[in-house]
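Reader: Hi, I have a model open and would like to go through its packing with you. Could we look at it together?

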Amino acid sequence: MGKRTTRGIRKSYAPDPADIDDDELIPVPEIKKDKDDHDFAFDSEGAPVTLNDEEDGVAVLIPTSDEEASAAEGKGPAAADEAATVKKKVRNSGAGMIQSRKGFHDIPHYPLETRIVTRVYAGPLRRYARYSALRDAMYGPESERIRIIWSLEIRWLYFPILPPRTVPENKMGIMPSPWVPPNFERDQENRATRWYNDYALRSPESQQTYRLPDGANRIPRANGGLATFVGPWDKQKQYRLVQGDGLSIAPSGLPTSDEDTKDKTPSGWIFDVGGIPLSIAWAPLVRGKSQVLAVATIPFSDQESGSIGEVNFDDKAEVKDGSVQFWEFLGEPAKEGELAQPSTKLPRLLGAMCFEWGRPKRLQFCPVPIAGYETPNSYGLLAILCGDGRARVLDIGYVPEEAGASYDFATKPVVEFGLSDDYNLEVTCLTWVNINRIALGHTDGSITLWSVYPRALLQRHSAHTTYVIDIASAYPSNPHLVASIPVGGCATLTDLSQPSSEFTYFPVPAISFQPNLLCWNEAMQGFMALYPSSTPNTTIAFLHHRFFCQARSICTGPNTLTCVSSGTTHPFILVGCADGSVFSCNALQKLFKQKGEPLRKIKLFEHEYRPIENAGDEEDTPTLPRLRGATRILQGYLPEVNDDPRSEKRKEMDRKKRLAKKKAGGKRRGRPKKNPVPEAEAAAAAAAQAEEEEDLEAELQEKLASRVVIHEPLTRVTAVAWNPNVNFSCWAACAMASGLIKIMDLGVSYNE
């Protein structure tokens, strides 16, 4: 990848904001604390106080025009004329143009002109703003914030598609959040440990579980194995995987134990969970060499369609059964200065947590480790959205390395969330806000904020009018900000510290039926989501928390998007599609793209599933298990242009128009050329150029046509997740509807 010489040459920072002098004092609400709430403070109205110590600006109380006019009434005509003149000067023109670096943050007075509809953005950031103007508007005017985002952009300058595998001490390595105070992670871990110990002391029997002797039969069971084809595209080999089996994969895609594998360095694993993995989550483990992945699976029969499109259930009573599987992966030390890499040891099934609250739909670990010991007592607090329309939190116990698979049945969780007073009101999505706070979305369009222990409903807001399909908080730097997306309506950002006044939305209403398409990008201080549009699209957009109502395109997929994930220690994103493909790119580079700069994305792999007719009718043999289908995983793709095919087609059409206009102008008069090109060579060159143009046009047409291609339902990628732990932050998990989960180490090294 060529070096870009246009960046990093000149550095200019916006000056520090001028001191604001205001004669009127700003009232500060009195904060009251509950001694049992562990420093989670709320004001007198029930709204939480801002959870981070950093302030983005200075609040100023500005009198309205009516107040100015009333103040000028008792001072004679001259004062009245002066007040009218002042009012005319500050009148909003609706343009919101950036006049200078000092004044681009001057927000026009509301309301706007009556000719402008209310659902419009007229702030300081313009659509055509690029690079330095975009950087200063989004992250300024504080010079320190501009320096941070500038240093991050330079830090990963030479990594356009995949993250670096070097430690944070390296000037090009991964980096924990620079937007939080020093020692923030250690302080959060200590607070979580104190809170967890207090909870365990005061409520020792809040969670009730018991060991299942036949627990292996309570998790979804697959009716046969998978014929899996892996390896280079021209030398693939077949392996049969049954439920619980796995392979250690080399960089070529073949197993490390294969005799044809030249480079036997392990780069990940692939294994079969025996069901459809709807959601996955990494446990927050900051110490040790093992990593744990929670997988919410449902039986394949839950999504089998009948002749009239109805879902078939073998037994209605079995719909109440649910389970979450836990898998362990061991890493091993890499070279000095590099992150941990996967080992050759196969994945181990630690066990499962079973319950009768319905199928698990979503799950998410509390982002803060609750036990900072070499041998933890718990993997963390896991929030699960169950099929009965309620959310529950479970404490996942630690499983020793020498122990076998442990199957537990939960009869009572740590805490249960849901609104029982309203008729037929269910929880639809969830997100952790901090150690002791969790936000939920509901079927009536409202979002709620809860305290885990002691259990309490803190806030409820009517953010939408329809079913909330996705919700995400801006933890750790801005945990009070919560973004939510409804089935039909506008994507919304709510400030839980001042929900009645701090509320914004993307001005274009959209319809979305796909969850797992909203996440927070800590390095870029914004949300990654499906581009809000009134027409179907396959583009992931970036919405900065300061300018949520203006989206920037980041990555476009070839088919319907199904999931997205952002790294916690880097800005790289993963995008899964319905055609089984997974893409990766550097979102920070795409945001600050310069005109004419070629940026890239890469297809990590493509998964394809084919069912087998009358699957399961054949009997198992001692050597070969019966099959339920066949899968193929292709990898080794080259980087491609990170742009929308529609934009590429429009550029090509504009180029052809300019060329046609140039030809229509006729030949240029002047002296004849000394060495004219022979007519035969000129004709051959013109034919070659025409053929190249036809190939490019056909390629663009194929890219556009791929968006409407329908694939097998079990081909799709259901969930992707970057590992949030620092030493393993280049590991990524990708779950496919066929029942396969692929763990990849995507870290790369920089070679000068």
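This is a predicted model: local features need pLDDT of at least 70, side-chain atom pairs count only at pLDDT 80 or more; totals for chains, interfaces and linings use all residues.

Reader: Leaving aside neighbours within four places in sequence, which residues is Ala732 in contact with?

Author: Residues are numbered from 1 along each chain as its sequence is written, and side-chain values use heavy atoms, with hydrogens and water left out. Ala732 is found in strand β37 (residues 731-736), where helices (H or I, at least four residues) and strands (E, at least two) are DSSP runs numbered from the N terminus. With contact meaning heavy atoms within 4.5 Å, the partners of Ala732 beyond four places in sequence are Leu574, Ala721, Trp722, Lys742, Ile743, Met744 and Leu746.

Reader: Is Ala732 buried or exposed?

Author: Buried means under 20% relative accessible area and exposed over 50%, with partly exposed in between (1.4 Å probe, protein chains only). Ala732 has 0% relative accessibility, so the residue counts as buried.

Reader: How do the axes of α3 and α4 cross?

Author: Axes are lines fitted to C-alpha atoms, for helices over the stretch in contact, and angles run from 0 to 180 degrees between N-to-C directions. The axes of α3 (residues 131-139) and α4 (residues 143-155) come within 9 Å and cross at roughly 130°.

Reader: Why is α3 largely enclosed by the rest of the structure?

Author: What covers its buried residues includes α4, β28 (539-544), β29 (552-556) and α6 (587-591). The buried residues of α3 are Tyr131, Leu134, Arg135, Asp136, Ala137, Met138 and Tyr139. The helix α3 is largely enclosed because the buried ones number seven of its nine residues.

Reader: How many residues has the largest nonpolar core?

Author: A nonpolar core is a set of buried Ala, Val, Leu, Ile, Met, Phe, Trp, Tyr and Cys residues joined through side-chain atoms within 4.5 Å. In the largest one, Tyr139, Met528, Ile573 and Leu604 have the most contacts inside the core. Its size is 68 residues.
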